[in-house]
Amino acid sequence: MNPRRIWSVFLVNLRDFVRDKGGLFFTFLFPIILMLLFGFIFSESDNVTYDIYLQDMDQTPMSQNLTVSLKGVRAFEVHVVGPDRALDDLVEEEKAGFIIVIPEGYQERLEENLQGNISVPVNLTLHMDRSQSSSQVKYSILASVVGQLNKVLTNTTDVMGLSEGGTISPDDFEYIEFFIPGVIGLSVMSGAVFGTIFGDTELKKKGIFRKLSTTPITRGEWILSTMLFQLFLAAITAIVILVVGWIVFGARLHMNPIAALIIIFEAFAFTGLSMLVVRFVKDAQAAAALANAITFPMMFLSGSFFDVEAMPAFIQTIAKALPLYYVNQALREAMIFNDTISAASYMSVIAIFAVIVFLLGVKLTTWKQD
Amino acid sequence: MVGQLSIGPQQGSSSGSKPSEYVIVIRDLYKTYGKVNAVDGISLRIRKGEVFAFLGPNGAGKTTTVEIIEGIRTPTKGSIQMLGVDIGRGTNKVKHRIGVLPQEFSSFDRVTVTETISFFSSLYGNKRGAKELMKLLNIEEHAKKQYQKLSGGLKQRVGIAVSLVNDPEIIFLDEPTTGLDPASRQEVWEVIRKLKARGRTVFLTTHYMEEAQELADHVAIINRGKIIAEGTVDELIENHGSGLVLTFTGIDGKLVPFLNGMGCGQVQVKGSQAVMNLKNKDQILGILELVKGSGLSYRAMNVRRSNLEEVFLKLTGKALKDEEGRQ
């Protein structure tokens, strides 16, 4: 390994990169835009209200009471519709996806039940569009409202309850603070993968690899230099994201040595992986397809945007086979919770991966033609 | 540094006291892809200080052969000695002493000419100034331009500059003038002449006959992976050419039968031209005398030597193959 040659390659890559406006945009501006978009969408989530439609077929004091109670639920925006409105119309014209119907005779039967002659409860009829993801949430809220009303009406006392006994995490964190490590992990990965795959394909096409193979530089030197260059870009990307996150959202994350180490291993791992697979690529189109094939599934399955634990079990299993999952977990442990030991254990996976791909890269890749 | 160069470092690499005259010796080289022999038993020797032109039609195996010698590809079989070193196990030992311009080479788009030359120079651990090379290639005024903004001819000259950063003893130029306009081609030729004048060996791959005729001391023609002719340009024309070519333009219809009647060989008619291939100048003088006496008319006549183009066509048998194809 000759440090001067490694530095020369680094420098020539840097010059070529900083003069490329398109490349600069995708490397630095894209993650910022992504973060701003997600940040604004999800940081508003405290004030979310759900639209529900209510049709009162009973029109009695008790049904009026129920209407008032539902209107009092902060999470609901209740639209009351007249008893003569056809439900189909409602769905068609108002795009109603969640309709509660208070049946005729509601008050009468409720009174009977309250006098102790309970046969069957009075059911509110629900019409809901199950394809809407919010329907489940609306149903849960409604069920708890009904439960509360039952308790009040029957005058029962709770035997079990919930009380807040303090938060489990050492720090309270908001979605944006959860999200920023994800954006860093994602940006470093896509920067390394796209940068390496497109860069190498172009160098191959230009005959620069053929040329280099006739000069004294070794493949090891080339690979190391390219990895260092990608790491340099990754470091800048991470810093830019952190600064923008702090300025715009006031996100406070821990910047500790372990977080830096995770980013180093991540940049090395994905640059190495890309160098390994890029040899099967013939042209720019295939390069784009390959880069997308690597980054796309990981972007959605590795918990960059949402916690993997919230996903179905089989997806969790897939996620645990993806390197980016370990990066995300490690970065969150380090940056949100400042938990070095936990972060290090996730990081060890990505570190081993990085070492393996580097060694394989040196061994398997070649500038030689067949 | 102009004039004689020593034959590289004398580190006991050349056997005995007699310095090897040949800088490249190739014996029985094969490269097989599946069942096809892209290089089919080539043997060649290239002398120190000569411009060697490797000619062949597209797909003949030129670039494959050169890339094996340069160390970009590995041969299936055969041996190559370069600068006294057996490069069967790779070119590492001679990389510092050779310079390569690969076919269709282009450099980093947004890096300037000076930066490009300095980058490649640094790979050899050299501090050889880019200035000197830019002067040699006459590209000083473009020093600060990005590579992508250069014309094709300038790009090619930068490529040659890059192949010279380590002051190599042997320079491989693979199709250096392909796609260039005539003026740029002349400039590249001028550089090759300068290199020769400085005692460097140039291994030139080309499919332009004119280029070989213009520059080469020694030519080898490859077709279907085999060397089908080798020698100096003069030797090739002498041995495989058709001697002298006499052409009458704007001919009288009766001139062709008259010329045929002389028994000096077949007359080819190309439009209003009559072309005869002749062995020596006495025959030509005789024919002109007879034509003059006959009173038959023609507009103009000219005599020229057979050229490499004709040798090439004859040897690679293109015209012959076309006829076979029709039969």
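In this predicted model, A:Phe26 is exposed, at 57% relative accessibility (buried means under 20% relative accessible area, exposed over 50% and partly exposed in between, with a 1.4 Å probe and protein chains only). A:Phe25 is partly exposed, with a relative accessible area of 35%. Residues are numbered from 1 along each chain as its sequence is written, and chains are lettered from A and ligands numbered from 1 in the order in which they are written. Local features need pLDDT of at least 70 and side-chain atom pairs count only at pLDDT 80 or more, whereas totals for chains, interfaces and linings use all residues; side-chain values use heavy atoms, with hydrogens and water left out.

Over all chains, 22 aromatic pairs were counted (rings of Phe, Tyr and Trp, the last by its six-membered ring, with centres within 6.5 Å; planes under 30 degrees apart count as stacked, over 60 as edge-to-face and the rest as tilted). In one of these, the ring centres of A:Phe17 and A:Phe28 are 6.3 Å apart and the planes stand at 90°, so the pair is edge-to-face. Because A:Phe17 belongs to helix H1 (residues 3–18) of chain A and A:Phe28 to helix H2 (residues 21–43) of chain A, the pair ties together parts that are 11 residues apart in sequence (helices, H or I with at least four residues, and strands, E with at least two, are DSSP runs numbered from the N terminus). Both partners are buried: A:Phe17 has a relative accessibility of 13% and A:Phe28 one of 16%. The rings of A:Phe25 and A:Phe26 are also edge-to-face, because their centres are 5.2 Å apart and their planes lie at 85°. One aromatic cluster is formed by A:Trp7, A:Phe10, A:Phe17, A:Phe28, A:Phe229 and A:Phe232.

The interface of the two chains was examined next. Chain A contributes 25 residues to the contact and chain B contributes 34 (contact means heavy atoms within 4.5 Å). About 2,900 Å² is buried between chain A and chain B, with 54% of this area on carbon and sulfur atoms (buried area is the accessible area, 1.4 Å probe, that two parts lose on being put together, summed over both). On the side of chain A, the most area is lost to chain B by A:Lys206, A:Lys211 and A:Thr214, which together account for 22% of what that side buries. Within chain B, the charged end of B:Lys77 sits over the ring of B:Tyr30, 4.4 Å from its centre.

Across the interface of chain A and chain B, 6 salt bridges are found. One of them joins the side chains of B:Asp109 and A:Lys206, at 2.8 Å from N to O. Helices H1, H7 (175–206) and H8 (208–212) of chain A each supply at least two residues of the side of chain A that touches chain B. The largest share of that side, 7 residues, is provided by H1(A).

A salt bridge also links B:Glu115 and A:Arg15, with the closest N and O atoms 3.4 Å apart. This pair crosses between chains, from helix H2 (residues 113–123) of chain B, where B:Glu115 lies, to A:Arg15 in helix H1 of chain A. B:Glu115 is buried at a relative accessible area of 14%, whereas A:Arg15 is partly exposed at 28%.

Within chain B, the side chains of B:Asp167 and B:Arg200 form a salt bridge at 2.6 Å, N to O. Since B:Asp167 is in the loop between helix H4 (152–163) and strand S7 (170–174) of chain B, and B:Arg200 in the loop between helix H5 (182–197) and S8 of chain B, the pair ties together parts that are 33 residues apart in sequence. B:Asp167 is partly exposed at 37% relative accessibility, while B:Arg200 is buried at 5%. B:Glu310 and B:Arg304 form a further salt bridge, their closest N and O atoms being 2.9 Å apart. Salt bridges with shared partners join A:Arg15, A:Arg19 and B:Glu115 into one network.

Two further residues of chain B were considered. B:Thr205, in strand S8 (residues 201–206) of chain B, is buried with a relative accessible area of 0%. Residues up to four places away in sequence aside, B:Thr205 touches B:Phe54, B:Lys62, B:Val66, B:Leu173, B:Asp174, B:Glu175 and B:Pro176. B:Asn307 occupies the loop between strand S14 (300–305) and helix H10 (308–316) of chain B and is partly exposed, with a relative accessible area of 24%.

Notes: Lys NZ or Arg CZ within 6 Å of the ring centre and 35° of its normal. Salt bridge = Lys/Arg side-chain N within 4 Å of Asp/Glu carboxyl O.
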